[in-house]
Amino acid sequence: MRAVTFAQTSGSGRPLDDSELVALARDGDARAYEELVRRHQAVAFRVAMLIAGNAADAQDAAQEALVKAYYALDRFRLDAPFRPWLLRIVANEARNRRRSAGRREALELAVTAERSSGGAAPSPEETAVQHEREQVLLAALNRLNDADRLVIAHRYLLELSEVETAAALGLRTGTVKSRLSRALVRLRQELPATTLGGSDAAGVPA
Amino acid sequence: MTGNGITELERELLDLAPRVDFAPTPDLYAAIAGRLGERQPARRRTAKPWWTARPLGAIAASVIAVLAVVLVVSPGAREAVASIFRGVPGIRVLIPEEKPEPTSSPATSPSGTTPSASAPSPSFTPAAAEPVIPGTSIALSGVAARVPFTPRVPAALGAPDRVYLEPRAARGTVTMVWQADAALPPAAGSVGAVLTQFAPTEGGDFGYWTKSAESGFHSSFRELEVNGGAGGWIEGGHRLDFRIPDSAGWTETATSRIAANTLIWVQDGITMRLETALPLEKALAIAATIR
């Protein structure tokens, strides 16, 4: 069970899907655009966070991108998925902000203190073990270079599709695939051999 | 490196996803709402707000056999969607900005027969390329076991020349293809008829974009009843998108092509789509032999 889920269309029911909302927003229906923003603002903000490196710049970038997207809706192809299109604009804004600020530091990934509810509460020992594993994995991730870290974070931590990852990083889908597999190899090399998912996966408890 | 190790690592990363500490998402819409009000998009029209959209099933029932919308989009026109027909589950017909043009199809009688329906749309030339059919080829005898419904064969067309199954869409989408012959003019390439069937779910969604801007085709859409079920008729070349959800649940367009005259309807809970170069009454006659 994912604690973080992003907006999904609810199928044949009443909620309109993205392209329908875009069509209405194009015609000046502000409520339709509001609905689109609400569906995608969480993922838009997180993409901006990963790229811009801090919350303040991420918020500025995401807002600027959402305004630009609104006035660019005429250029959106209704047969294409909306989210990759939006994320491309958001990511561009975030990159611009980072570049103009001359920042170099990357977003330091960390885990939240609170644990998602659901299922039986783990014992303190289990919690401690899992927490340690998470720390090891995040530390390894934070040691990767920007390109590797970003492709892994977009694909797995934001759970974007390859198409969406490609849009956010300004890459071709094929490049995302190859970069991702190389980044995973390097991440594995960063992990201690005994860690789950480390370079020696043998003997790992199921 | 083993594929196993990668998979394990990927799973761990995905487990980590909900635990990563991103700053809480601010209310971005509230922050930009004022700026959206600064100016409206260039062209405003009296669009019906989406939250008041009426269930289209009811509309379908009330305008049976009446021409609902005739649309002709001039080349280069902005591709704004004026309305959306969803009377047939799993199919969306996006109807562009209306520009009524009573050219070659003047009067429309309430009975649903129009002069233009008696012949293939004159503006439509079948695509030279063979149509890309979603799925892979399968024997007709084997397909029923693979889908949650019984695929039907129109007696008027006889056994199909080829059958395709796309298992990812709507838990199984079946498409039957008949080659063109003397009685069946080509609709696309050497194909005379394409019949697609599926039990609609939220996954298997065809999209139709009836328009003419890029192709110079004129197309029209009307709602009508087919074999007692809700249906519609798209006459003339129009773009057909076939979408399937990817593993992440996001819908991606699998195929997109210009389609010929198309009858869509729902029959016994199965969504049917029959594409030919035939006029409406002949398409209806074929549909009537599906039992």
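## Serine 190 of chain B

In this predicted model, S190(B) sits in the loop that joins β6 (173–179) to β7 (191–198) of chain B. Strands here are DSSP runs of E with at least two residues, helices are runs of H or I with at least four residues, and both are numbered from the N terminus. S190(B) has a relative accessibility of 31% and therefore counts as partly exposed; buried means under 20% relative accessible area, exposed over 50%, and partly exposed in between, with a 1.4 Å probe and protein chains only.

Leaving aside residues up to four places away in sequence, S190(B) touches E130(B), Q179(B) and A180(B). A contact means heavy atoms within 4.5 Å. Between S190(B) and E130(B) there are 60 residues in sequence, yet their C-alpha atoms are 6.5 Å apart in space.

## Two residues with positive phi

Most residues other than glycine have a negative phi. E159(A) has a phi near 55 degrees. This residue lies in the loop between α6 (146–157) and α7 (162–169) of chain A, and it is buried, with a relative accessible area of 17%.

In chain B, N227(B) has a phi near 50 degrees, also a positive value in a residue other than glycine. N227(B) belongs to the loop between β9 (220–226) and β10 (229–235). Its relative accessibility is 37%, so N227(B) is partly exposed.

From α2(A), the residues in contact include Y33(A), V37(A) and F45(A), and from α2(B) they include L28(B) and I32(B). The contact residues divide into eight nonpolar, one polar and two charged. Ala, Val, Leu, Ile, Met, Phe, Trp, Tyr, Cys and Pro count as nonpolar, Asp, Glu, Lys and Arg as charged, and the others, Gly among them, as polar.

## Chain A overall

Chain A has eight helices and zero strands. Of its 206 residues, 50% are buried.

## Conventions

Residues are numbered from 1 along each chain as its sequence is written, and chains are lettered from A and ligands numbered from 1 in the order in which they are written.

Definitions and conventions: This is a predicted model: local features need pLDDT of at least 70, side-chain atom pairs count only at pLDDT 80 or more; totals for chains, interfaces and linings use all residues. Side-chain values use heavy atoms; hydrogens and water are left out.
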